[in-house]
Amino acid sequence: MATLVEVTNPTDKVEIVGPYKHIQVRAATWVEKDGEIVGGKQYHRTVFSPGDSSDNAEIQAIIDTVHTQEVIDAYNAHLAEQEEEQNL
Amino acid sequence: MAGQTRIDGNLIDTGTDPNDIVSVSVGDGRYPRLSQDNTLAGNLTVDGQVRSDNVTDSAGTGAPAFPNGMSATGAALTDPEITGGIYLGGTGSANYLDDYEEGSWIPTIEDYTYSTDYVLLSSYSGGDSNRLSYIKMGNVVYIAGSIVFKSTKTARITMSLPFAYSGSSYGLAGSAGWYNFNAPAGVGFLGTGGSSVDFFAMSESGDHSDITVGNSDEIYFNFHYFTT
């Protein structure tokens, strides 16, 4: 009897982008039948800005490495400049 | 016949299993040739694949003619998996398409709590009212949806995006509509913080201001933006 199993890889793709090192994480979920992928993968995205945290230990480790205090300070300064520029 | 036959210094091997395919081993500078009535015919594979670096035309200098009409023109491929990108209309970096992706994300709306303060409506087929769908083609992201408010608040509506935007916060393009709340000159939006969009009310004089929403008020939006 075939066994269907839903599998999720929470860190299917991790990208660090932009001047403030936003961390883009793609989670992938798929169904396996007897070890073979059935159908396609479904993707779910999350972006972590400097100062954000994650429940996922692997992602949090990346955050801790990438979002240094220097990066967080630069990002907060950028937000303040943007707030003034956009008349927030 | 099983076994090996040596012809003109080359080796043809059918192996001992009658189901084995024929393997042909030739010397340097020679090429295996499949023909029918002295006309080239059949498909040639190397290590189970058609290998462009191993297969040439009959002269041994040009590209091979692929089976089923597959060529530079008129090729029809069914569900090919392209692990890299593809050049369209040219071979420069401006012609290179390296990504297509459909998916969903759960936006966070600053100072608002899902379910208590708002729900989302969109084309997302999963049935969740806390998710939106996106499509990414190359480095352009497309999103659309509606925010339906459930409580009364006055604030900017800052919603997280599925990808960080590149360049200016003024680079997001599209439109936003609204229902039931006061926005004299409409609802505008700008990027904020590198990975969020900020909705605001516009006055007739062009000022940007907080939005005061109440139960059943709505914002509709569709826009696209560039990511890295």
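**Note on the two-chain model**

1. In this predicted model, A:Glu32 stands opposite A:Ile37, a residue of strand E3 of chain A. The two strands concerned, E2 (residues 22-33) and E3 of chain A, are paired in the antiparallel sense over 10 bridges. Two residues separate them in the hairpin, where A:Asp34 adopts a positive phi near 55 degrees.

2. Strand E3 of chain A, which spans residues 36-48, also pairs with strand E8 of chain B, here in the parallel sense and over three bridges. What is the bridge partner of A:His44 in E8(B)? The partner is B:Ser104. For A:Arg45, the bridge partner in E8(B) is B:Trp105.

3. A:Arg45 also takes part in a salt bridge with A:Glu15, with 3.1 Å between the closest N and O atoms. A:Glu15 belongs to strand E1 (residues 4-17) of chain A and A:Arg45 to strand E3 of chain A, so this pair ties together parts that lie 30 residues apart in sequence. Over all chains, the structure holds seven salt bridges.

4. Between chain B and chain A, the rule finds two salt bridges across the interface. One of the salt bridges in the model joins B:Glu101 to A:Arg26, whose closest N and O atoms are 2.7 Å apart.

5. Which strands of chain B each supply at least two residues of the side that touches chain A? They are E8 (100-105) and E15 (187-192). The largest share of this side, five residues, comes from E8(B). Sorted by class, the side of chain B that touches chain A comprises 10 nonpolar, 11 polar and five charged residues.

6. The extent of the interface can be stated in two ways. In terms of residues, 26 of chain B are in contact with 16 of chain A. In terms of surface, the area buried between the chains is about 1700 Å², and carbon and sulfur atoms give 42% of it. The size of an interface is often expressed as the accessible area lost when the parts come together.

7. For the complex, the predictor gives an ipTM of 0.87 and a pTM of 0.75. Chain B has an average pLDDT of 81, and 66% of the residues score at least 70.

Conventions. Residues numbered from 1 in each chain as written. Chains lettered and ligands numbered in written order. Predicted model: local features only at pLDDT ≥ 70, side-chain atom pairs only at ≥ 80, totals over all residues. Heavy atoms only, no water. Contact = heavy atoms within 4.5 Å. Buried area = accessible area lost by both parts, 1.4 Å probe. Salt bridge = Lys/Arg side-chain N within 4 Å of Asp/Glu carboxyl O. Helix = DSSP H or I, 4+ residues; strand = E, 2+ residues; numbered from the N terminus. Nonpolar A, V, L, I, M, F, W, Y, C, P; charged D, E, K, R; others polar. Pairing = 2+ DSSP bridges. pLDDT = per-residue confidence, 0-100.
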